[in-house]
Amino acid sequence: MSCCAQGVADYLKTQGTADQGLVVGYDTRFLSKEFAETVARVCAANGVKVYLSSKLSPTPVITYNVLHLQAAGAAIITASHNPALWNGFKFKPSYAGSATQEITDQLEAAIASADTPRSIPLERAQEQGLVIMFDPDPPYLERIGTLVDLESIRTAGLSVLVDDMFGAGAGYITRILSGGATQIQELHGQVNPAFPGIAQPEPIAQNLPELIQGLKDGHSSVGLALDGDADRLGVVDEHGRFITTLEVFTLLALYLLQEKGRRGPLVKGVTSSMMLNKLGEMFGVDVHEMRVGFKYIGPQMTRVNALIAGEESGGYAFQGHIPERDGILSGLLFLEYMARTGRTPSQLVEHLFDQVGPHHFHRRDVEFNPDDRQRIEDLLANEGLDQLAGMPVISSDRIDGRRLHFANAWLASRFSGTEPLLRIYAEAESEERLNALLDASQEYLGV
């Protein structure tokens, strides 16, 4: 961790932005606080001013403070949605989004060539004014209040069950919405770096059994789940059905376009729903398809001043905020949609399908033998594939991995950028066609 910090300090110096300072935050994981303090000590020893969070905080909260403090960037100690044994070092540049590939390459080079890290005691750094402890919440909460009609949610009388997944987002939605008729109940709000009972703090159906059961018991209006650093959102409807991330993304876009009457481009990862393309046609707004990952999506969002941007993983960003995922804001906007329309989550999905037709989506994550990677890549590159599962291939693209287009359906395959997995995605107008495409893809690829 100290080598990463030294590399970041060297990078900021070469960019001439060291004087602007670096925001440093951390999540609930084992030793995250200590790692963050190490980053602060190393950067301070290199003359880089540090704004060190006085408490564990969600990634979007720390990220927003880059803009608020006009800092050179942020270093956040978190492994986000990944398993308990992982930890990580996220760098957010001065524009408060994911680092572009160019910035990432420069950082990696700076870390690789860094000298032995220098460090000074934290207390001395504070005495010298090189490390300033600060509470990141007030600026963020003030900003959220300008983006969401919180009072409409407070007075709606909703019963919201929130699964914090032992992560850094614990308590935020409760605190933001307190004082009204709407009631918030939280699950797994305590700090436990082992994330007991789940493979990893990713807000997907298989990791949310208690949240889903809580909705099936019939006592809540909606279930929300935040990942380990609260930049992703999962939603469960009033009957205990997990609403897919593609449905949530499209619902949020529909809300902004139809109910709030706003206009602006939509930016989507290539594995996001074709429903967004249909919304683009309906409301006369451009839709930009990007490679998976906010290092591609975020910059495009900024370039076109997008209304909303997002990806299949459950991360969504909004105009007027940061060009980065924010699970807390996403959840609040979903609740605002419910409060404004009086519809339940299942009724919102039904309304969406009334607009664009039914869509079904699923992703399979398949482990593969690393020795097979080239064979799989060769099969994905095969331009001669003209049908799959008896369905004619209309066209294909290589925006990220390989995506095949069918009549009212698509299938994409790509290697994960962070895990040893082949991800296979599909969307179709029926469950039968969806599963047929997924099964045929695995058979074709031999995985």
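Visitor: How do you know that strand β3 and β4 pair, and in which sense?

Guide: Two strands pair if DSSP finds at least two bridges between them. Strand β3 (residues 73-77) and β4 share five bridges in the antiparallel sense, so they pass that rule. As one example, I77 sits opposite F89 in β4. Strands here are DSSP runs (E, at least two residues) and helices are too (H or I, at least four), numbered from the N terminus. A word on the source: this is a predicted model, where local features need pLDDT of at least 70 and side-chain atom pairs count only at pLDDT 80 or more, while totals for chains, interfaces and linings use all residues. Residues are numbered from 1 along each chain as its sequence is written, and side-chain values use heavy atoms, with hydrogens and water left out.

Visitor: What makes β4 largely enclosed?

Guide: Buried means under 20% relative accessible area, exposed over 50%, and partly exposed in between (1.4 Å probe, protein chains only). In β4 (residues 89-93), four of the five residues are buried, so the rest of the structure largely encloses the strand.

Visitor: What makes C4 partly exposed?

Guide: C4 has 22% relative accessibility, which puts it in the partly exposed class. C3, at 43%, is partly exposed as well.

Visitor: What makes something a cavity, and how many of 30 Å³ or more turn up?

Guide: On a 1 Å grid over the protein atoms alone, a cavity is a set of points where a 1.4 Å probe fits but cannot get out; lining residues have an atom within 4 Å of a point. Grid points are joined across faces, edges and corners, and the volume is the space filled by probe spheres set on the points. The search finds one of 30 Å³ or more. The largest cavity has a volume of about 100 Å³, and α16 gives the most to its lining, with three residues.

Note on methods:
On a 1 Å grid over the protein atoms alone, a cavity is a set of points where a 1.4 Å probe fits but cannot get out, and a pocket is an open set with protein on both sides within 12 Å along at least five of seven lines; lining residues have an atom within 4 Å of a point.
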